[in-house]
Amino acid sequence: MTAVACGVDVTSIARIEQTWQNAGPDFVATVWSDSELNDAAGDPAMLAKRWAAKEATMKALGVGVDTLRPIDIVIRTTAVGAPILTLSNAAERIASERGVTAWSVSMSHEGDLAIAFVTALTQ
């Protein structure tokens, strides 16, 4: 595998928690999939890490945050907690056009900050 692009993002957990509480279910459904919400189990830090990973993915794809729908980028975790990134719709099309065949994702949080680093890979 060869790295072709990377993206990084950091976000405030408190900002994501406030958005979660104030925006309502319609907004939440445009950002996080049911599987992401299940994985996060309502933990604002887990949601913030996923938000940061979505933005980092957009950066790795070379597009602006307003270019793709966040729901088209899904961050799941394996049984041992490793993040897995999957794309759909326009995000998947752009990745394919750029030759991206796999992703490496790292997420973390400390205090009020969540960070994600995403690397786009080709074979």
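T122 is buried, with a relative accessible area of 14%. Please bear in mind throughout that the model in the viewer is predicted. Select T122 to begin; this residue belongs to strand β5. The label "buried" applies because 14% falls under the 20% limit for relative accessible area.

Next, display the surroundings of T122. Leaving aside residues up to four places away in sequence, T122 touches M1, T2 and V4, and also G99, V100 and T101.

Remain on strand β5, which spans residues 113-122, and select I115, a residue of this strand. Is I115 buried, exposed or partly exposed? I115 is partly exposed, because its relative accessible area of 38% lies between the 20% and 50% limits.

Now extend the selection to V8, V10, L113 and F117 together with I115. These residues form a nonpolar patch on the surface, and their accessible area together is about 420 Å². Which strand gives the most to the nonpolar patch? That strand is β5, with three residues. Strand β1, residues 2-12, likewise supplies at least two residues of the patch, as does β5.

For the last stop, proceed to S12 and helix α1, which covers residues 13-23. S12 caps the N-terminal end of this helix. To view the cap, select a side-chain oxygen of S12 and the backbone nitrogen of A14, which lie 3.3 Å apart.

Note on methods
Residues numbered from 1 in each chain as written. Predicted model: local features only at pLDDT ≥ 70, side-chain atom pairs only at ≥ 80, totals over all residues. Heavy atoms only, no water. Patch = residues over 30% accessible without salt bridge, like charges linked within 9 Å, V, L, I, M, F, W, Y side chains within 5 Å. Areas by Shrake-Rupley, 256 points an atom, 1.4 Å probe, with all protein chains shown as cover. Salt bridge = Lys/Arg side-chain N within 4 Å of Asp/Glu carboxyl O. Helix = DSSP H or I, 4+ residues; strand = E, 2+ residues; numbered from the N terminus. Buried < 20%, exposed > 50% of the residue type's maximum accessible area, 1.4 Å probe, protein only. Polar contact = N/O pair within 3.5 Å; in protein donor to acceptor, adjacent residues only side chain to side chain. Contact = heavy atoms within 4.5 Å.
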